[in-house]
Amino acid sequence: MKRPEDLAMWKAEVRELAKKVEEVTGNTITAGSLSAAIKEVNDKRRALQRIAAACTADPAPISGKDRLLATQVAFYDDVPRFTQMVNALADELDQRVAAGEGVAPKGTKRILVTGTPMALPNWKIHDIIEKAGAVVVGEEMCTGSRYYQDLVSEDGTTLDEMIDAVAEKYLDINCACFTTNKGRIDDVVRMAKEYEADGVIDLALQFCGLYEMESHGIETAVREAGLPVLKITTDYSMEDVGQLSTRVEAFLEML
Amino acid sequence: MRVLGLDIGSRSIDAVWLEGERIVDWAVADSGYDPGSASAAFVERDAHDVLVATGYGRHVAKERFGCAAVTEITAYGLGAAALFPHAASVLDIGGQDTKVISLGHGGRVVDFEMNDKCAVGTGKFLEVMARALGFTLEEMAAASRGAESGIATSSMCTVFAESEVTGLVHRGEDRARIVRGLHETIAKRTLGSLKRVDAQGPLVFAGGVAKNPAMVDLITAGFSGEVVVPEEAQIVGAYGAALSAARE
């Protein structure tokens with residue numbers, strides 16, 4: 001939950017983590033070093049936001065699969081290097097948008113994907129959707145908007161304020177692990193509009209009970225907003241690709 | 001314009017030839033191990049202006065014959081609505097998939113549900129159970145209709161259910177009551193899917209399993225609205241695929 005007492009407990013946990021990191025690495029976290037780190041990681045998020053913003057354009061300048069891969073790599077890559085490369089990619093996408101160039105023709109069906117994050121190298125659903133002739137324009141996922149849409153406040157001056165800011169940012173994510181998670185439903189509906197999606201695909205990995213539990217609320221809200229929803233529960237295996245392709249293609253034919 | 005609709009399914013390949021929107025001929029063949037050649041035999045059999053493929057083999061057909069492809073869901077919607085203009089929903093139980101479709105105006109798909117990778121409750125499941133019990137499909141349906149009550153089985157996985165059926169047989173249970181139980185469980189699951197897409201009557205029950213009178217009885221008894229079964233339930237998908245081109 002995200003009550004004040006939960007935030008207090010979480011801040012204490014983050015302080016424990018900071019201590020542990022110092023212990024393991026032998027480095028000391030100072031106001032200066034943390035301030036620089038916050039700025040550095042925020043820059044990474046800003047770069048990813050630029051890619052996302054470019055995808056509101058029709059035609060979409062990049063495939064969902066490529067954008068997903070960039071987001072997945074964000075979890076592993078050296079931060080400044082990654083930020084530099086993603087900004088270069090965003091520059092290219094801006095040029096493509098300005099020139100009206102797309103990965104698929106203008107008017108191609110646009111899909112927003114929401115649900116369980118897809119860890120590298122899982123791009124099964126994006127692959128199925130895009131092979132079926134649509135383009136994935138956004139991910140409301142932890143390998144998507146939840147990863148980069150919010151920044152850590154850069155206003156802190158003392159180490160304490162900065163650690164608090166880090167804790168606050170991470171408690172603010174609309175992940176399904178939080179109870180009462182209305183914010184996620186709002187995000188999905190807002191993103192569907194912003195990205196001019198024709199439909200939403202709600203994905204749950206098998207045994208990821210949290211996203212399966214939220215699936216009904218997401219479906220209801222998106223339908224109320226006037227968009228169709230396809231619910232998919234799947235796993236990492238390839239044995240259901242035939243049936244999934246039929247479902248996704250039929251969904252696109254329905255739009 | 002002459003259109004050939006091909007439904008290349010997991011168990012059978014169904015072909016429908018249309019002149020305008022009128023069916024002039026149709027045929028059914030086993031998919032077997034080489035569905036491509038079986039499809040080619042239909043494609044070469046008769047002259048046609050346009051070919052549309054649906055079913056599992058639609059993508060292969062698209063490449064091989066350079067034709068259009070639609071999903072079974074769209075095809076069944078169109079086919080069912082053409083046969084029964086008042087149809088509000090469709091149930092298609094095929095060889096490997098079960099699909100429930102809620103229809104809008106003119107056979108447009110409004111919502112649908114389809115099984116995942118599991119072949120539970122499909123034609124394949126019934127075939128495996130019939131074989132395990134020494135029935136032909138016709139005998140199994142007749143036995144199920146004749147049984148006074150069903151024996152409930154707990155597992156609906158084709159593999160586990162077969163083991164369970166074997167256990168029941170060795171316990172000396174009446175095989176008619178066993179198949180009755182299997183049919184009842186499939187019907188219950190299917191009715192649950194129909195409810196989830198808010199399917200209204202009249203419901204068109206199509207696909208190969210609609211040729212099983214025991215299944216038709218149970219679906220009719222459990223569904224809230226009217227249930228209609230096309231005379232040739234198996235070719236509705238091929239008919240719908242052909243219609244999708246005829247109407248363009």
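A residue counts as buried when its relative accessible area is under 20%, as exposed when that area is over 50%, and as partly exposed in between. The model is a predicted one, and in it Arg146(A) is buried because its relative accessible area is 3%. Its partner in a salt bridge is Glu140(A), with the closest N and O atoms 2.8 Å apart, and Glu140(A) is buried as well, at a relative accessible area of 0%.

**Salt bridges within the chains**

Over all chains, the structure holds 45 salt bridges.

| Salt bridge | N to O distance |
|---|---|
| Glu140(A) and Arg146(A) | 2.8 Å |
| Arg46(A) and Asp43(A) | 2.7 Å |
| Lys124(B) and Glu127(B) | 3.8 Å |

Arg46(A) and Asp43(A) both belong to helix H2 of chain A, residues 31-54, where they are 3 residues apart, about one turn of the helix. Arg46(A) is partly exposed, since its relative accessibility is 31%, and Asp43(A) is also partly exposed, with a relative accessible area of 26%. In general, an α-helix has 3.6 residues a turn, so residues three or four places apart point the same way. In chain B, Lys124(B) and Glu127(B) are separated by about one helical turn because they are 3 residues apart in helix H4, residues 123-132. Here Lys124(B) is partly exposed at 34% relative accessible area, whereas Glu127(B), at 17%, counts as buried.

**Inside chain A**

Helix H8 of chain A, residues 182-194, has 13 residues and reaches 18 Å from its first C-alpha to its last, close to the 18 Å expected at 1.5 Å a residue. Its buried residues are Arg184(A), Asp187(A), Val188(A), Val189(A), Met191(A) and Ala192(A), and what covers them includes strands E1, E2 and E3 together with helices H6 and H9 of chain A. After H8(A) comes Glu196(A), whose phi is positive, near 50°.

Strand E3 of chain A contains Ile201(A), which counts as buried because its relative accessibility is 0%. Leaving aside residues up to four places away in sequence, Ile201(A) touches several residues, among them Ile111(A), Val113(A), Leu230(A) and Phe251(A).

**A loop residue in chain B**

Gln234(B) lies in the loop between strand E10 and helix H9 of chain B, and with a relative accessible area of 16% it is buried. Its side chain is joined to that of Lys211(B) by a polar contact of 2.6 Å. Residues touched by Gln234(B), not counting those up to four places away in sequence, include Ser12(B), Asp14(B) and Tyr76(B).

**Where the chains meet**

How many residues of chain B are in contact with chain A? There are 20, and they meet 17 residues of chain A. Between them the two chains bury about 1,500 Å², with 51% of it on carbon and sulfur atoms. The count of salt bridges between chain B and chain A is 2, and one of these pairs the side chains of Glu249(A) and Arg58(B) at 2.8 Å, N to O. On the side of chain B that touches chain A, the elements giving two or more residues are helix H2, helix H3 and strand E8 of chain B; of these, E8(B) gives the most, with 5 residues. The residues of that side divide into 8 nonpolar, 5 polar and 7 charged.

How values were computed: Residues are numbered from 1 along each chain as its sequence is written. Chains are lettered from A and ligands numbered from 1 in the order in which they are written. This is a predicted model: local features need pLDDT of at least 70, side-chain atom pairs count only at pLDDT 80 or more; totals for chains, interfaces and linings use all residues. Side-chain values use heavy atoms; hydrogens and water are left out. Contact means heavy atoms within 4.5 Å. Buried area is the accessible area (1.4 Å probe) that two parts lose on being put together, summed over both. A salt bridge is a side-chain nitrogen of Lys or Arg within 4 Å of a carboxyl oxygen of Asp or Glu. Helices (H or I, at least four residues) and strands (E, at least two) are DSSP runs, numbered from the N terminus. Ala, Val, Leu, Ile, Met, Phe, Trp, Tyr, Cys and Pro count as nonpolar, Asp, Glu, Lys and Arg as charged, and the others, Gly among them, as polar. The expected span of a helix is 1.5 Å times one less than its number of residues. Buried means under 20% relative accessible area, exposed over 50%, partly exposed in between (1.4 Å probe, protein chains only). A polar contact is a pair of N or O atoms within 3.5 Å; within protein, one must be able to donate a hydrogen and the other to accept it, and residues adjacent in sequence count only if both atoms are side-chain atoms.
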